[in-house]
Amino acid sequence: MGVTTGRTPPAAPARAAVRRPGTVRPAGRALAVFAAVRGAGVLVISAGAWWAGRDPVKVLGGSWDSFWYLSLAAHGYGRTQMWPASHSIQSDYAFFPLYPLLTHLLGGGPVAGLAVAWTAAAVAAAGVYRVGERLLGARAGVLLVALWASLPHAVVLTLGYTEPLLCALAAWALYALLRGRWMWAASLAVLAGLTRPTGIAVAAAVTLPALRELLRGDRRPAVWGAGLLAPAGWAAYVAAVGAHRHEVLGYFTVQRQWGSRFDFGAGTVRVVDRVLTGGTVTVPVAVAVAALAVAVLLAVLLLLDRAPLPLLVYCATLLVITVGGAGFFESKPRFLLPAFPLLLPLAAATARARPRTAVAVTAGLAGLSYGYGAYLLLMAKVPL
């Protein structure tokens, strides 16, 4: 794979770069690939929505969690739904504020939410490419973007959800760490911590490597300052919810009332056992089990390839949160969508293949992603 250490790789020998007029730089190629893959996905969803007599904008910008984000953008916090049959109390304090705030600043509504999400997705694609290029080269960087855009749950990158924004902040934070830009990475980690609960993974990717450097004797203010600053966004929101509820751990009470809690993987084990023993499961649950298995395998490969520590910490934190959390099992592949470094071993392998093979693999995965995305949004009766 070629990923060996967390140190900045030596600069390539200087040489005159001659680019023929009309050629596209690899970064532009990566963005074009992302736009083509996910743009085609939007067309598939839109066509399916029209065929079903539904408004494509509302399907893309107002489905499931998007409803809560739009409510926050329009009215702020304070909405609660109660479901006596399931003893569930759903409070909008479960949702972090950055994405609805940006949607509000653009005027609110599904179109504004999609504008934020689509812009963030493009920024994320550029960041994913930069990480892949730095570690594996330009060709693998483009393929990393293509593989990421073709994941089964990649439809979320074109919805009014927070994953595109978290992916953008995480990708550029990791890239900043690979370049030794500690304070840039910490600042992006603060914003990631205000985006989603799993934004804490970005903070961990800054703080733990900073701690390692401090233990090695690096006392630069940028290092220890970044380590302290990185979790501030996530901690500030959790503290704010606790203060509002007059309960120190009030945010986690909100999550439990939604049916989401950390049970150290007990719920995941039960679902996996049901799938393996032939129990009755839905298609999204079966896909989620397969996605978790593949993610764990890729994490092992990433570790064996000695990937840089920030990437390992980031992916490990996302995996622990996802596997160890109970509730909304069908959504687990979505929670792992920001863990794009897990795809580095696949991108490296694909980059070594013939171009025709790489295109065929990407096209095949993208086709499956379109079909599954349409199924989740237009047919499945489970939360995305």
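**Notebook: loops, rings, core and helix packing**

I looked up histidine 246 and found it exposed, at 75% relative accessibility. My cut-offs are under 20% relative accessible area for buried and over 50% for exposed, with partly exposed in between (1.4 Å probe, protein chains only).

I note the ground rules here. This is a predicted model, in which local features need pLDDT of at least 70 and side-chain atom pairs count only at pLDDT 80 or more, while totals for chains, interfaces and linings use all residues. Residues are numbered from 1 along each chain as its sequence is written, and side-chain values use heavy atoms, with hydrogens and water left out.

**Positive phi**

Histidine 246 has a positive phi near 55 degrees, and it is not a glycine. I placed it in the loop between helix 11 (232-245) and helix 12 (250-258). Helices (H or I, at least four residues) and strands (E, at least two) are DSSP runs, numbered from the N terminus.

Next I checked phenylalanine 264. Its phi is positive too, about 60 degrees, again in a residue that is not a glycine. Phenylalanine 264 sits in the loop between strand 3 (261-262) and helix 13 (266-276). It counts as exposed because its relative accessibility is 73%.

I also looked at what comes after helix 3. Glycine 76 follows that helix, and its phi is positive, near 80 degrees.

Is helix 3 enclosed or open? I found 8 of its 11 residues buried, so helix 3 is largely enclosed by the rest of the structure. Among the buried residues are Asp65, Trp68, Tyr69 and Leu72.

I then listed aromatic pairs and got 19. Rings of Phe, Tyr and Trp (its six-membered ring) pair if their centres lie within 6.5 Å; planes under 30 degrees apart count as stacked, over 60 as edge-to-face and the rest as tilted. The rings of tyrosine 77 and tyrosine 93 are stacked, because their centres are 5.0 Å apart and their planes stand at 15 degrees. The two tyrosines are 16 residues apart and link distant parts of the chain. Tyrosine 77 is in the loop between helix 3 (65-75) and strand 1 (80-83), and tyrosine 93 is in the loop between strand 2 (88-91) and helix 4 (98-105). Tyrosine 77 is partly exposed at 30%. Tyrosine 93 is buried at 16%.

Ring pairs join Phe67, Trp68, Tyr69, Phe95, Tyr99, Tyr161, Trp258 and Phe328.

**Nonpolar core**

A nonpolar core is a set of buried Ala, Val, Leu, Ile, Met, Phe, Trp, Tyr and Cys residues joined through side-chain atoms within 4.5 Å. The largest one here has 109 residues, and Trp148, Val206 and Tyr314 have the most contacts inside it. Helix 7 (residues 163-178) gives the largest share, 13 residues.

Leaving aside neighbours within four places in sequence, its contacts (heavy atoms within 4.5 Å) include Ala170, Leu174, Val202 and Pro338.

**Helix pairs**

Two packed helices are described by the angle between their axes and the distance between the axes. Axes are lines fitted to C-alpha atoms, for helices over the stretch in contact, and angles run from 0 to 180 degrees between N-to-C directions.

Helix 1 (residues 26-51) and helix 18 (residues 355-378) have axes that come within 9 Å and cross at roughly 40 degrees. That makes helix 1 oblique to helix 18. Angles under 35 degrees count as roughly parallel, over 145 as roughly antiparallel, 65 to 115 as roughly perpendicular and the rest as oblique. The crossing of helix 1 and helix 18 is right-handed. A crossing is left-handed if the near helix is turned anticlockwise from the far one by less than a right angle, and right-handed if clockwise.

Which helix runs roughly parallel to helix 18? Helix 6 does. The axes of helix 6 (residues 138-149) and helix 18 come within 9 Å and cross at roughly 20 degrees. Their contact involves residues including Leu143 and Leu147 of helix 6 and Thr362 and Leu365 of helix 18. Helix 6 passes helix 18 in a left-handed crossing.

Last, I checked helix 8 against helix 9 (residues 200-215). Their axes come within 8 Å and cross at roughly 145 degrees. This crossing is left-handed.
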